[in-house]
Amino acid sequence: QENQIPTEARQYFQDVVKAKKVNKREVEKAEVVKQAILDYLVENGGKAFDRMEIGDALYNSANFAEDFLLNDKGTVAYNSITAFANQLVNDGKIRKDEVKVGKATKIKYSCVA
């Protein structure tokens, strides 16, 4: 009995654990970068680009905070480009295709036809 946690304390911890901590800057970053990817693909019409081409182009255009595209090493976070592009694919906003490049296969993204 004496080890019982007071009801208020229990409720507080349940609320804290349940509450998803959403970093506003991360949400803004996701929206801004996804829109930039979409804009870039629309501007370039029917062409398809891989994540490195998209990441480099967005970094060079720098229409938003640089750190939105960089990892902790200060280089373009291509994994983030892939994640954001795949979200756009899932939303039906862009296409994802496997393209043979020599013996390798690359994933390229383009506008929805």
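User: What makes a stretch of this chain a helix or a strand?

Analyst: Helices (H or I, at least four residues) and strands (E, at least two) are DSSP runs, numbered from the N terminus. On that basis the protein chain has four helices and two strands, in the order α-α-α-α-β-β from the N terminus on. The model is predicted: local features need pLDDT of at least 70, side-chain atom pairs count only at pLDDT 80 or more, and totals for chains, interfaces and linings use all residues. Residues are numbered from 1 along each chain as its sequence is written, and side-chain values use heavy atoms, with hydrogens and water left out.

User: Why is the pair of aspartate 50 and lysine 106 called a salt bridge?

Analyst: A salt bridge is a side-chain nitrogen of Lys or Arg within 4 Å of a carboxyl oxygen of Asp or Glu. The closest N and O atoms of aspartate 50 and lysine 106 are 2.8 Å apart, so the pair qualifies. Aspartate 50 lies in the loop between α2 and α3 and lysine 106 in strand β2, so the pair ties together parts 56 residues apart in sequence.

User: How do you know whether aspartate 50 is buried or exposed?

Analyst: Buried means under 20% relative accessible area, exposed over 50%, and partly exposed in between (1.4 Å probe, protein chains only). Aspartate 50 has 6% relative accessibility and therefore counts as buried.

User: What makes lysine 108 and glutamate 53 a salt bridge?

Analyst: Their closest N and O atoms are 3.8 Å apart, which means that the pair meets the definition. Lysine 108 is buried at 17% relative accessible area, whereas glutamate 53 is partly exposed at 33%.
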